[in-house]
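Student: Hi, I'm new to this one. Can you walk me through it?

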Amino acid sequence: MNWSRTNPNTPRGRAYDPWEHAHQLGLEVVVRPLRTGQELWLPEYNTLLVNSRLRAAPQRLALAHGGGHAALGHEDDRPKHENQADKFAAQNLICPDELADLYGWARDEQKIIAELGVTTRLFRAYVLAQAA
């Protein structure tokens with residue numbers, strides 16, 4: 001499967017705006033309280049629910065992940081699809097140039113993850129995708 005972004009002009013890393021990307025994908029994004037989870041993809045409505053109880057940074061990550069489900073045409077949340085959505089989100093949220101710069105001065109993985117503003121899970125999805 002091709003893990004490239006939907007639009008090659010979509011910025012990556014800190015410049016990536018998952019709200020704009022969702023708009024480009026034609027998704028309706030609804031921010032509201034969710035009982036569980038950070039986001040919920042509703043393919044039958046082409047709608048992504050994002051948990052309003054999250055702060056801005058986790059909402060950004062949740063929206064990037066949910067946008068992956070939409071862009072990849074997922075109809076359910078089986079583990080394979082969760083991994084694919086993580087890879088999609090990670091490749092948009094992490095810029096290779098930013099990561100290379102971080103490797104130049106931050107040797108600790110957790111420091112790199114914090115500087116990138118992603119989760120350990122997304123960082124590892126990115127690294128695994130690059131190794132494949």
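Tutor: Let's take the overall fold, then the cores, then the charged pairs.

Student: What kind of model is it, and how are residues numbered?

Tutor: This is a predicted model, where local features need pLDDT of at least 70, side-chain atom pairs count only at pLDDT 80 or more, and totals for chains, interfaces and linings use all residues. Residues are numbered from 1 along each chain as its sequence is written, and side-chain values use heavy atoms, with hydrogens and water left out.

Student: How many helices and strands does the chain have?

Tutor: Six helices and three strands. Both are DSSP runs numbered from the N terminus: helices are H or I with at least four residues, strands are E with at least two. The order from the N terminus is α-β-β-β-α-α-α-α-α.

Student: How compact is the chain?

Tutor: As compact as a globular protein of 132 residues, because its radius of gyration is 14 Å, close to the 14 Å of the globule rule. That radius is taken over C-alpha atoms, and the rule is 2.2 Å times the number of residues to the power 0.38. The C-alpha trace spans about 45 × 30 × 30 Å along its principal axes.

Student: What share of the residues is buried?

Tutor: Of the 132 residues, 43% count as buried. Buried means under 20% relative accessible area, exposed over 50%, and partly exposed in between (1.4 Å probe, protein chains only).

Student: Now the inside. Which residues have the most contacts in the largest nonpolar core?

Tutor: Leu93, Leu116, Val118 and Phe123, in a core of 18 residues. A nonpolar core is a set of buried Ala, Val, Leu, Ile, Met, Phe, Trp, Tyr and Cys residues joined through side-chain atoms within 4.5 Å.

Student: Which helices supply it?

Tutor: H2 (56-71), H3 (79-93), H4 (96-105), H5 (109-116) and H6 (120-131) each supply at least two residues of this core. H6 gives the most, with four residues.

Student: What does Leu116 touch?

Tutor: Leaving out residues up to four places away in sequence, Leu116 touches Ile94, Leu99, Leu102 and Phe123. Contact means heavy atoms within 4.5 Å.

Student: Switching to charges. How many salt bridges are there?

Tutor: Five. A salt bridge is a side-chain nitrogen of Lys or Arg within 4 Å of a carboxyl oxygen of Asp or Glu. One of them joins Arg121 and Asp86, with the closest N and O atoms 2.5 Å apart. Arg121 lies in helix H6 and Asp86 in helix H3, so the pair ties together parts that are 35 residues apart in sequence.

Student: Is Asp86 buried or exposed?

Tutor: Buried, with a relative accessible area of 5%.

Student: Which residue does Glu109 pair with?

Tutor: Arg124, with the closest N and O atoms 2.9 Å apart. Glu109 lies in helix H5 and Arg124 in helix H6, so this pair ties together parts 15 residues apart in sequence. Glu109 is partly exposed, at 31% relative accessible area. Arg124 is partly exposed too, at 44%.

Student: And what about Glu82?

Tutor: Glu82 is in helix H3. Glu82 is buried yet has no salt bridge. The nearest side chain of opposite charge, Arg121, is 4.0 Å away. Here Lys and Arg count as positive and Asp and Glu as negative, while His and the chain ends are not counted.
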